[in-house]
Amino acid sequence: MESDQELIELANKGDANAFDALYHRYRDWVYRLAWRFTRNHQDALDVLQETFIYLLKKFPNFELTASMTTFLYPAVKHLSFNIRRKSRRLTFDDQVLSEMPAPAEKQTSQGELAFVLAILPEEQREVLMMRFVEGMNLKEIAAVLEAPVGTVKSRLYQGLQVLRRDRRTRNYFLE
Amino acid sequence: MNENKEYFDEDSNLRVSDKLSEDLNALFKPASFVPPEIDRAIMDKARQHLVRRSRQRSPLRWAGPAASAAAAAVIIFAVVSNTGRQRGSAVFETAKGPDSSVLISDQAPAQVEMYNSYSVGTFKSLKTVRAHISVDIDGNGRVDILDAFKLARDIESAEKAEMKWDINGDGFVNRSDVDFVAFDAVRLDKGV
C-alpha cells in the first residue's frame, strides 16, 4: 500500500486514482471530525466536501510537510466553524448537551462523561478529543494547535484531572 | 501509533483506561455515514481538476525530450556533415542559382564556421522567419522533428535544394535552416 507521500506525488502528476485513495483513506476521519465540530450530519457532509476540495486545489504542487491529519485538522475545524456560523447553530457546548442521545440504562456512564466533557474549557476538551478520539500524538496536536508540546501536555493533564476528580467520571480512573 | 502511545504513556497521569477510551469514541462516533453520492461528487471534481492540470503541464513534460531530440538531430547532422567535408564532398553550403533553386557548393567556409559556433545571432531571427515561412518540410500538416531530419537529409543528398527551404532567408539552404526547423518543432508555445 502506498504511503500518503507516494499518493501525493502521483496525484501531483495528475493521477486521479491516487487522490481517490487519499480520499478514502481520510474520508471517515474527516467526516467524524467534522461531525464532532458541527454535531450535524448534513453540516459534516458539507465540511467533508469542502475539505477535500480545499485539498484538491493544492494539487499539482502539493507538498506535505507533516502528517495528513495534521494538515487536514485545521481545515476541517475552520470549515466547520464557518458552516456553523452560517447556519447559526448552537455552540458545541450547548449542543453537546441538547443533542446528546438520551442515556439508556447501560449508557449512563457515557451520558455523565458527556456532561463532564461539556463543562471542560474548550481548549482542554479539544486536546482530549484529538488525543483519545482522533488518535493524534502530542507532537501532531502541538503542530495543529501551533502550541508548544508542553502546553498541549498541560491542557491534557488538566482536562484529565477534571474527569479524575468529578464524582461522575472518577470510576474511569479506578484500578 | 504504538510508538506514539509509548511516548505519550510515559506519564501515567496522561493515561486513560480502555473503558474511557471506548466511551469517548462511542460518544463521538457519528450516527450516519458518508453516502456514495458524496464520494462520486468529490471524485468527479478531482478527476476534472487533475486531468485539466495534467493537460496544462503536458507541453512542459514533452519539452525536455523534444529538445533532446532536436539537439540530437543537430549533432547528428553536424557529425555527418563534417565527415562529408573531410571526404571533400560538396554538401555544406549552397548559393542561389539562376532558376531560384540552390546550387550546392562548398565555397562558403565562413558561413560554415559561423554555423558551427552556434552564434546567438543566428537564432535570434527565428520568430521573424517562422512568421513568414512554413517549415512543414514533409507536408504532413505539422511541424516536428521529422521535418528537421528530412531537410537535413535533402540538403545532404541532393545536388539541388529548393530555395523555399531557405528558412532563415540568408540566401543559403544549409544546417542553420535545419536548426530553425528543429527549434521550431520544440518551441513551448506551440499550438497556443
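**Entry 1: the two sides of α9(A)**

I looked up the exposed residues of α9(A) and found A:Gly150 and A:Arg165. The model is predicted: local features need pLDDT of at least 70, side-chain atom pairs count only at pLDDT 80 or more, and totals for chains, interfaces and linings use all residues. Residues are numbered from 1 along each chain as its sequence is written, while chains are lettered from A and ligands numbered from 1 in the order in which they are written.

Which residues of α9(A) are buried? I listed A:Val152, A:Arg155, A:Leu156, A:Gly159, A:Leu160 and A:Leu163. They cover an arc of only 125° around the axis, so they sit on the same side of α9(A). The arc is taken from the directions that run from the helix axis to the C-beta atoms. An α-helix has 3.6 residues a turn, so residues three or four places apart point the same way.

I also checked the length. The 17 residues of α9(A) should span 24 Å at 1.5 Å a residue, and the end C-alpha atoms are 24 Å apart, which agrees. The expected span is 1.5 Å times one less than the number of residues.

**Entry 2: α8(A) against α9(A)**

Next I took helix α8 (residues 138-145) of chain A. Its axis and that of α9(A) come within 9 Å and cross at roughly 105°. Therefore α8(A) is roughly perpendicular to α9(A) (65 to 115 degrees). Axes are lines fitted to C-alpha atoms, for helices over the stretch in contact, and angles run from 0 to 180 degrees between N-to-C directions.

From α8(A), I noted A:Leu138, A:Lys139, A:Ile141, A:Ala142 and A:Leu145; they meet A:Val149, A:Val152 and A:Lys153 of α9(A). Contact means C-beta atoms, placed from the backbone, within 7 Å. This contact has six nonpolar, no polar and two charged residues. Nonpolar means Ala, Val, Leu, Ile, Met, Phe, Trp, Tyr, Cys and Pro; charged means Asp, Glu, Lys and Arg; the others, Gly among them, are polar.

I counted nine helices and zero strands in chain A. Both are DSSP runs, numbered from the N terminus: helices are H or I with at least four residues, strands E with at least two. Of the 175 residues of chain A, 37% are buried.

The contact between the chains takes 36 residues from chain A and 33 from chain B. On the chain A side, α2(A) gives the most, with nine residues.

How values were computed. Contact = placed C-beta atoms within 7 Å. Buried ≥ 20, exposed ≤ 12 C-beta atoms within 10 Å, placed from the backbone. Parallel < 35°, antiparallel > 145°, perpendicular 65-115°, else oblique.
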